[in-house]
Amino acid sequence: MFEAPEWVGHDAGQHVDLKLTAEDGFTAQRSYSIASASAHGRLELTVQSVSGGVVSPYLVDTMAVGDELQLRGPIGGWFRWTEQLVEPVLLVGGGSGIAPLMAMLRQRAQASSLAPFHLVYSARTPDHVFYANELYSISQGANGVTVDLLYTRSGRPHDARPAGRLSLDDLPAAEPSEGSTRVYVCGPNGFVENAARLLLDRGHPPASIRTERFGSSGG
Ligand SMILES: Cc1cc2nc3c(=O)[nH]c(=O)nc-3n(C[C@H](O)[C@H](O)[C@H](O)COP(=O)(O)OP(=O)(O)OC[C@H]3O[C@@H](n4cnc5c(N)ncnc54)[C@H](O)[C@@H]3O)c2cc1C
């Protein structure tokens, strides 16, 4: 959670650019999706430490409460959801790609939106699920939100679905009678490419699919 006194809020799905400056003047800038619902003066990020990375290990392992950094945003006009939108929403996330989708789920709850949401979230194992407790609570509520968790490496002992990468059967088909579903896909490049291809095979029109790519691999 970052305190940012001049922050006036954001739309769910948007991101910020963080800039780190070392004592020797070396700077590095990376993008991070905002995981919280819109609020004045603060925002939450979810960072996965990338082995050998410059910025993410610092943010996860070294940065301490009270440390400061430069932050620019909110950024992004396409990968956005606001409570004015009433159509059904399908969220498809891989790994830390849950971050902007979490912002959408939280914004929906904060605004008491009735738009039907369906989250399909792929993680390596149950231990790699970000926001596991919050997602469990959401999945138990009679709130118009469906949560499907799937695992790529190994799942729980009694899972009906064998562990494996996202496949056609994991995604709901487009249902024209419901009106056009808005689809948001976020995660590592390979995950997003695969998911987008499967969604097209499932009949979702290209214009309904919005994607955000985090980087090379992982998930
Ligand atoms: C719009 C946007 C939003 C993003 N939001 C988030 C977010 O919410 N949470 C989050 O954790 N990350 C997010 N990312 C990814 C983030 O910007 C960085 O790319 C990531 O943290 C790695 O930075 P680094 O400096 O640690 O690694 P780098 O020093 O940039 O890279 C080190 C090595 O890791 C590889 N690498 C780079 N990025 C990744 C990756 N994502 N997965 C696996 N390997 C990688 C590189 O190819 C390189 O070999 C987002 C990216 C974009 C473009």
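# Worked exercises on a predicted ligand-bound model

Among the 23 residues around the ligand, those that come nearest are Arg30, Ser31, Tyr32, Thr46 and Ser56, where a residue is near a molecule if one of its heavy atoms lies within 4 Å of it. The structure is a predicted model, in which local features need pLDDT of at least 70 and side-chain atom pairs count only at pLDDT 80 or more, while totals for chains, interfaces and linings use all residues. Residues are numbered from 1 along each chain as its sequence is written, and side-chain values use heavy atoms, with hydrogens and water left out.

## Exercise 1: the ligand and its shell

Task: Find which backbone atoms lie by nitrogen or oxygen atoms of the ligand, and then describe the shell.

Solution. 

Step 1. Begin with polar contacts, that is, pairs of N or O atoms within 3.5 Å; within protein, one atom must be able to donate a hydrogen and the other to accept it, and residues adjacent in sequence count only if both atoms are side-chain atoms. A backbone N or O atom of Thr46 is 2.8 Å from a nitrogen atom of the ligand. A backbone N or O atom of Val54 lies 3.0 Å from an oxygen atom of the ligand, and a polar backbone atom of Val55 is 2.8 Å from an oxygen atom of the ligand.

Step 2. Ask which elements give two or more residues to the shell around the ligand. They are β3 (27-33), α1 (56-62) and β10 (209-213), and β3 gives the most, with four residues. Helices (H or I, at least four residues) and strands (E, at least two) are DSSP runs, numbered from the N terminus.

Step 3. Sort the shell by residue type, which gives eight nonpolar, twelve polar and three charged residues. Here Ala, Val, Leu, Ile, Met, Phe, Trp, Tyr, Cys and Pro count as nonpolar, Asp, Glu, Lys and Arg as charged, and the others, Gly among them, as polar.

Step 4. Look at the domains, whose bounds come from an automatic or database domain assignment: the shell draws at least three residues from each of domain 1 (2-75) and domain 2 (89-213).

## Exercise 2: salt bridges across the sequence

Solution. 

Step 1. The structure holds seven salt bridges, each a side-chain nitrogen of Lys or Arg within 4 Å of a carboxyl oxygen of Asp or Glu. Buried means under 20% relative accessible area, exposed over 50%, and partly exposed in between (1.4 Å probe, protein chains only).

Step 2. Arg72 and Asp17 meet through their side chains at 3.0 Å, N to O. Because Arg72 lies in strand β5 (residues 70-75) and Asp17 in strand β2 (residues 15-21), this pair ties together parts that are 55 residues apart in sequence. Arg72 is exposed at 52%, whereas Asp17 is buried at 10%.

Step 3. Glu44 and Arg106 form a salt bridge at 3.3 Å, N to O. Glu44 sits in the loop between β4 (42-43) and α1 and Arg106 in helix α2 (residues 98-110), so the pair joins parts 62 residues apart in sequence. Glu44 is buried, with 17% relative accessible area, and Arg106 also counts as buried, at 17%.

Step 4. Arg182 and Glu87 meet at 3.8 Å, N to O. Arg182 is in strand β9 (residues 182-187) and Glu87 in the loop between β5 and β6 (89-94), 95 residues apart. Arg182 is buried at 13%, while Glu87 is partly exposed at 23%.

Step 5. Through shared partners, salt bridges join Glu44, Arg106 and Glu134 into one network.

## Exercise 3: backbone details

Solution. 

Step 1. Most residues other than glycine have a negative phi, and most peptide bonds are trans.

Step 2. A cis peptide bond, with omega about 0 degrees, joins Gly73 and Pro74, and Pro74 lies in strand β5.

Step 3. Ser112 has a phi near 50 degrees; Ser112 is in the loop between α2 and β7 (117-123) and is exposed, at 57%.

Step 4. Tyr131 has a phi near 60 degrees; Tyr131 is in the loop between β7 and α3 (132-140) and is buried, at 16%.
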